[in-house]
Amino acid sequence: MAVTELLGLPRTRGRLPLVAAQGVDALGTGLFLPFAVVYFHAAKGISLPAVGAALSVAALLALPAGPFAGPLVDRFGPRRIVVAANLLRVATFAGYVFAGSLWQLVLLAALTFWGEGLFWPASGALVAQVADDGQRARWYAMERTLRNVGIGLGGLAGSALVVAGGTGGYTAIVVLNAASFLLAAVLVAAWRGGRAVPPRTARGPAAGRGYRAVLADRAFRRVLVTVFVFALCDLALTVLLSAYVLGTLRLPAWQPGVLFALNTVLVVLAQTVVARRVERFGKPRTLQVAAAVWAVAFLLFAVVPLAAPLPVFAVLTVATAVFTAAELLQAPTSSALTVALAPPHLRGRYLGLEELLWGVARVLAPVTFTALLAAGPQLPWLVLAGCCMLAVVVLAGLKAVPEPAATRETADA
């Protein structure tokens with residue numbers, strides 16, 4: 001068995017510029033992401049509460065980006081929108097260097113979030129367009145692995161820049177992130193690939209055009225429920241874990257970092273392998289298992305305060321590993337299910353609605369999780385476990401969705 005097959009990697013021959021673009025994008029994001037809030041405070045002198053409020057307002061202003069991206073992707077093709085989204089982020093990150101007031105931060109952050117909202121549906125559609133038959137989940141898995149590697153390496157490089165350069169280091173991070181988006185845009189724009197195939201005929205309730213046709217798809221309406229649930233589950237680690245470990249359990253400050261590192265390492269080592277292993281199972285079934293595993297993880301987090309005879313950190317470690325197992329099952333499968341349901345001429349709109357629900361979850365998760373945690377240490381975990389069981393029930397009504405038999409489509413010119 002070839003090494004690429006053993007590792008669950010997709011066939012990338014003729015598409016290496018796309019892989020390189022994904023890696024460059026992830027590395028640049030990793031440079032800036034750990035310092036996103038601190039940058040505006042340390043380099044621009046804006047108070048932390050004001051920065052947090054500005055970023056929340058910007059996220060709300062960017063909620064329509066996903067649905068707006070859908071028709072653009074369907075009309076102009078995903079490659080063009082990926083390039084445009086990256087160029088938009090080049091402009092906004094370059095603008096951060098010169099911005100100094102709160103209203104400029106809100107404007108530029110909103111445009112940055114719009115760039116992300118345009119990028120993700122277009123990127124998902126581009127993968128669906130260029131992947132060989134049956135390998136879409138592997139491409140999404142590889143993309144996620146590259147993103148975790150890039151964020152990890154970028155975070156280390158960003159830390160070194162800040163330590164060495166102080167305020168100048170923060171500025172260097174922003175400039176390098178803008179450069180990474182520019183390079184990614186050039187790689188995608190310069191790439192030509194794919195070969196023409198006869199267009200597939202749309203069928204069923206989605207045979208029309210527009211979001212009315214998308215929402216007429218009963219199966220996809222079920223999928224949208226699970227998209228929102230899984231978005232909340234995914235955000236629980238980043239939004240909730242540190243507050244729970246440090247504020248509620250009063251554990252040492254090093255423990256959240258170790259748990260996050262464990263999650264990242266497991267994703268990097270296992271994501272593509274897991275994607276290959278579950279290919280023989282139906283996508284709804286795989287997502288049901290993911291939801292059930294996530295529920296187990298949340299119950300483990302919930303019982304940590306009651307696990308007095310056991311080392312608390314050991315229970316947290318097991319819970320984090322189980323949480324990561326659910327992520328490994330869900331992340332590539334969920335994206336592959338959406339594009340498998342979507343007719344090619346509506347694929348951008350399907351992915352646009354998926355991005356909208358992710359955006360709503362990003363807005364709601366911080367305030368909801370912290371309010372639940374304030375009401376009781378077990379409450380957010382139990383609510384999340386209940387949401388997971390709802391997803392299991394919703395997915396029970398979906399039949400297995402096979403990968404389309406058609407040959408890989410041509411990339412848009």
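Author: What follows takes the chain as a whole and then one surface patch. This is a predicted model, where local features need pLDDT of at least 70, side-chain atom pairs count only at pLDDT 80 or more, and totals for chains, interfaces and linings use all residues. Residues are numbered from 1 along each chain as its sequence is written, and side-chain values use heavy atoms, with hydrogens and water left out.

Reader: How do you know whether the radius of gyration agrees with a compact globule?

Author: The radius is taken over C-alpha atoms, and the globule rule is 2.2 Å times the number of residues to the power 0.38. For 413 residues the rule gives a value near 22 Å; the chain has 21 Å, so the two agree.

Reader: Why is Leu27 called partly exposed?

Author: Buried means under 20% relative accessible area, exposed over 50%, and partly exposed in between (1.4 Å probe, protein chains only). Leu27 has 40% relative accessibility, so Leu27 counts as partly exposed. Leu27 lies in helix H2 (residues 16-32).

Reader: What share of the chain is buried?

Author: Buried residues make up 50% of the 413 residues.

Reader: Which helix gives the most to the nonpolar patch?

Author: Helix H8 (residues 136-165) does, with three residues.

Key
Helices (H or I, at least four residues) and strands (E, at least two) are DSSP runs, numbered from the N terminus.
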